[in-house]
Amino acid sequence: MRFLRNPMLNYAPFIGIRYSFSRKRNRFTSVIATVSMLGMVLGVASLIVVLAVMNGFAGELRGRILSLVPHGFVESTGEGVGQWRDLLSDIEGMEGVVAVSPYITEKAILGTAYMQRGAVITAIDPQLESKVSGLANAMITGDLQSLENGGFNVVLGASLANILRVGLGDYVDVTVPRLTVTPLGMFPRNKRLQVTGLFEIGAQPDAFQAYVSLATGQKLLGSKGRVDGLQIKTRDLFAAPEIMRGVAIQLPDTYSVKDWSQTQGSLFSAVKLEKLMVSLLLLSVVAVAAFNIVSTLVMSVAEKRRDIAVLRTMGARAGGIMAIFVAHGLALSGVGITVGALVGVFLATNIATIIAALERTLGMKLFDPSVYFISELPADLQSFDVAVVVAASVLLSLLATLYPAWRAACIAPAEVLRYE
């Protein structure tokens, strides 16, 4: 009923919005307002697209790297695990554990007649490994089971094999930082291995990872029946930290337990930090567009001084005048934010198609798989990101309107109308 007694209480939004889209405004003011809206469109759209692309890259990175990385690890605090078969059986019976396999890992130098390259040699049991990681599914040439076919065999990442210029059936010399004592002195351990398979996941492990059988690894590294630890696959990747804490509780203190978030956590933390920093940088584009509204409102206040004075003499309060220009600024920015969000969502959901069309038009490959490990630009549009971008843009726009609106509310009607 209060609205009926004093209709002037709700005039501010209507006047502000009506003035925002009036054709009778000063032409220069209209140009500045249009530029502000276009800046808002550009900032919001680019921020949404970049966040979607970074989500896509993070998803690709997570899916490809974690296809080889087990969900958890159990290692001895001493020098390797001796009775690892008994430990394996115990862990397999624990809640949330799907599969367990032994491993030995060591840095090494792989050499051929053409090149030498640092690598990581991991000794595995092919039968058990296929249950723990996706290595068997990543094989592009040969078979993982070839490691157990007798002799000293090795499976290389496709990029590593390309660097070393070797293929199926070729040999590589492996040197590990373990010493062999002979009558002539001490020498680093060296062995020639035959390449029996290549794998590819489309990520950095392709360029440095090599696999041998557990028996070969124990002979090469002199482990004498011991392993470095056990790899564990849990029922769910994202439940692995909780499941591994349960495993740690049931094991003696002589074992250390880790999950993938600890071994690979720094990588994904870096990706999150990069996403945050890029978001803040692009948000500055939105901030510039939002604070361009200050210029628009300042000119609008100067242009409408007489109208403001008339409204004040008709009974409008200072708060009402301030609300008019807040509504005016939010109406201008609201159009830019809405259009920018729609454009950003459209581009993010069709980015792969757009890039493919651009590549056909230019006749060139923008994303060479041999360099970027991807053939197309990935995008993962999340509604939360869109909501955050829109909310941040609205907040910046609101802050930008406050000072000009306050200046409008401070105009004294008697001074303006004195000579009218």
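Which residues form a nonpolar patch on the surface? They are F291, L395, L398, L399 and L402, with about 420 Å² of accessible area together.

## The model and its confidence

This is a predicted model, in which local features need pLDDT of at least 70 and side-chain atom pairs count only at pLDDT 80 or more, while totals for chains, interfaces and linings use all residues. Residues are numbered from 1 along each chain as its sequence is written, and side-chain values use heavy atoms, with hydrogens and water left out.

The pLDDT (the predictor's confidence in each residue, from 0 to 100) averages 79 over the protein chain, and 82% of the residues score at least 70. Over residues 1–9 it is below 50, and this stretch has two contacts in the model beyond near neighbours in sequence. Contact here means heavy atoms within 4.5 Å.

## Overall architecture

The protein chain has 16 helices and ten strands. Both are DSSP runs numbered from the N terminus: helices are H or I with at least four residues, strands are E with at least two. Of the contacts with a separation of 6 or more, 77% join residues 24 or more positions apart.

Among the 420 residues of the protein chain, 44% are buried. Buried means under 20% relative accessible area, exposed means over 50%, and partly exposed lies in between (1.4 Å probe, protein chains only). The accessible surface comes to about 22,200 Å², and carbon and sulfur atoms hold 59% of this area. Accessible areas come from the Shrake-Rupley method with a 1.4 Å probe, and for residues only the protein chains shown count as cover.

In soluble globular proteins, nonpolar side chains tend to be buried together. A nonpolar core is a set of buried Ala, Val, Leu, Ile, Met, Phe, Trp, Tyr and Cys residues joined through side-chain atoms within 4.5 Å. The largest one here has 41 residues, of which I91, L110, L156, V172 and V174 touch the most other members. Strand β2 (residues 97–111) gives the largest share of this core, five residues. A second, separate core of 17 residues includes M40, L51, I337 and A341.

Not counting residues up to four places away in sequence, L110 touches M115, Q116, R117, A119, I121, L156, L160, L164, D173, V174 and A210.

## The surface patch

Back to the opening question: helix α15 (residues 383–409) supplies the largest share of the nonpolar patch, four residues. Patches are made of residues with over 30% relative accessible area and no salt bridge; like charges are joined within 9 Å, and nonpolar side chains (Val, Leu, Ile, Met, Phe, Trp, Tyr) within 5 Å. L398 sits in helix α15 and counts as partly exposed, at 31% relative accessibility.

## One salt bridge

The structure holds one salt bridge, defined as a side-chain nitrogen of Lys or Arg within 4 Å of a carboxyl oxygen of Asp or Glu. In this pair, the side chains of D173 and R192 meet at 2.9 Å, N to O. The two residues link distant parts of the chain, with D173 in strand β6 and R192 in strand β7 (residues 185–199), 19 residues apart. D173 is partly exposed, at 25% relative accessibility, whereas R192 is exposed at 52%.

## Loops worth a look

P70 lies in the loop between α3 (27–65) and β1 (72–76) and is buried, with a relative accessible area of 4%. Leaving aside neighbours within four places in sequence, P70 is in contact with V132, Q231, I232 and W260. A138 belongs to the loop between α5 (126–132) and β4 (139–142), and is buried too, at 9% relative accessible area. The C-alpha atoms of A138 and F199 are separated by 5.2 Å, although these residues are 61 apart along the chain. With residues up to four places away set aside, A138 touches L198, F199, E200 and I201.

R165, in the loop between α6 (158–164) and β6 (171–182), has a positive phi of about 60° although it is not a glycine. R165 counts as exposed, at 55% relative accessibility.
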